[in-house]
Amino acid sequence: MIRLEPLTGHHDRNGFDCGVEALDVWLKQTALQHQGKGISRSFVAVPADESAVQSWAESGYPVQALSILGFYALTSAFVLTEDLPARQAKRYPRQIPVTRLGRLATRSDMQGQGLGRLLLADAVNRAHTAAQAVGIAGLFVDAKNEAAARFYQRYGFIPSTDQPLKLFLSLW
Ligand SMILES: CC(C)(COP(=O)(O)OP(=O)(O)OC[C@H]1O[C@@H](n2cnc3c(N)ncnc32)[C@H](O)[C@@H]1OP(=O)(O)O)[C@@H](O)C(=O)NCCC(=O)NCCS
């Protein structure tokens, strides 16, 4: 019912609303610019096909073929091991390469239906695939708030010892 694919200019970025304005604005104004410069890669969840569009519509969701149901963005980054959980930090030199999960959001009227979990699993898979070819210790995220941090913790991310909104998922 849902397809995950790279963001393009064809997707309806203006129709996306996750309830956090900064994330909506970033998707509308910045995501494609950064992608064009190779600074980040964004991936979107869209209806898989026309029958998915119809089925969403019948369930009361105003969805079009190019509607964005959710998205996330990945970048490369270096983090200092002092930003990692203490027991992870011991394994590494002072600075390590990671994939940063810069943004993750789902449409506000579809939250709580498993879409965030699907997007996060896709992000982890992509980071894992990239890590076969380029050195990446794990995924790192700066959660927006405590609720978002709890969401990531459900899926194995561990908060930094001193900064609980910074979370890390080791890939190895
Ligand atoms: C955070 C967000 C991406 C979660 O997406 P979602 O589609 O609602 O999540 P799911 O339906 O896949 O939920 C998966 C699980 O996480 C839990 N969960 C969802 N949001 C949560 C939250 N804020 N705090 C704690 N747990 C949460 C769900 O209860 C569910 O648990 P279950 O599998 O035991 O039922 C979404 O709420 C969102 O876009 N929020 C606004 C933007 C934002 O804050 N993004 C985070 C940026 S760092």
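Two strands are taken to pair if DSSP finds at least two bridges between them, and helices (H or I, at least four residues) and strands (E, at least two) are DSSP runs, numbered from the N terminus. The model shown in these views is predicted: local features need pLDDT of at least 70, side-chain atom pairs count only at pLDDT 80 or more, and totals for chains, interfaces and linings use all residues. Residues are numbered from 1 along each chain as its sequence is written.

View 1. Seven strands form an open sheet with mixed pairing, in the order β1-β2-β3-β4-β5-β7-β6. Its edge strands, each pairing on one side only, are β1 and β6 (158-159). Helix α5 packs on this sheet and touches β1, β2, β3, β4, β5 and β7, where two residues are in contact if their C-beta atoms, placed from the backbone, lie within 7 Å. The direction of α5 makes about 155° with that of β4; axes are lines fitted to C-alpha atoms, for helices over the stretch in contact, and angles run from 0 to 180 degrees between N-to-C directions.

View 2. Strand β2 (residues 41-47) is mostly covered, with five of its seven residues buried; a residue is buried if 20 or more other C-beta atoms lie within 10 Å of its own, exposed if 12 or fewer, and partly exposed in between.

**View 3. The largest nonpolar core.** This core holds 37 residues, of which F71, Y72, L101, A123, L139 and V141 touch the most other members; a nonpolar core is a set of buried Ala, Val, Leu, Ile, Met, Phe, Trp, Tyr and Cys residues joined through C-beta atoms within 7 Å. Two or more residues come from each of α1 (21-29), β2, β3, β4, α5, β5 (138-142) and β7 (166-170), and β4 gives the most, with five residues. Leaving aside its neighbours within four places in sequence, L101 is in contact with Y72, L74, A123, L139 and V141.

View 4. G102 lies in strand β4 and counts as buried because it has 20 C-beta neighbours inside 10 Å. Not counting residues up to four places away in sequence, G102 touches S40, A73, L74 and T75, while its C-alpha atom is separated by 8.5 Å from that of F140, 38 residues apart along the chain. G9, which lies in the loop between β1 and α1, counts as exposed because it has 8 C-beta neighbours inside 10 Å. The C-alpha atoms of G9 and A31, 22 residues apart along the chain, are separated by 10.0 Å.

**View 5. The shell around the ligand.** Of the 21 residues around the ligand, A105, Q111, G116, R117 and A147 come nearest; a residue is near a molecule if its C-beta atom, placed from the backbone, lies within 6 Å of it. The elements giving two or more residues to this shell are β4 (95-106), α5 (115-131) and α6 (146-154), and α6 gives the most, with five residues. The shell divides into ten nonpolar, seven polar and four charged residues, where Ala, Val, Leu, Ile, Met, Phe, Trp, Tyr, Cys and Pro count as nonpolar, Asp, Glu, Lys and Arg as charged, and the others, Gly among them, as polar.
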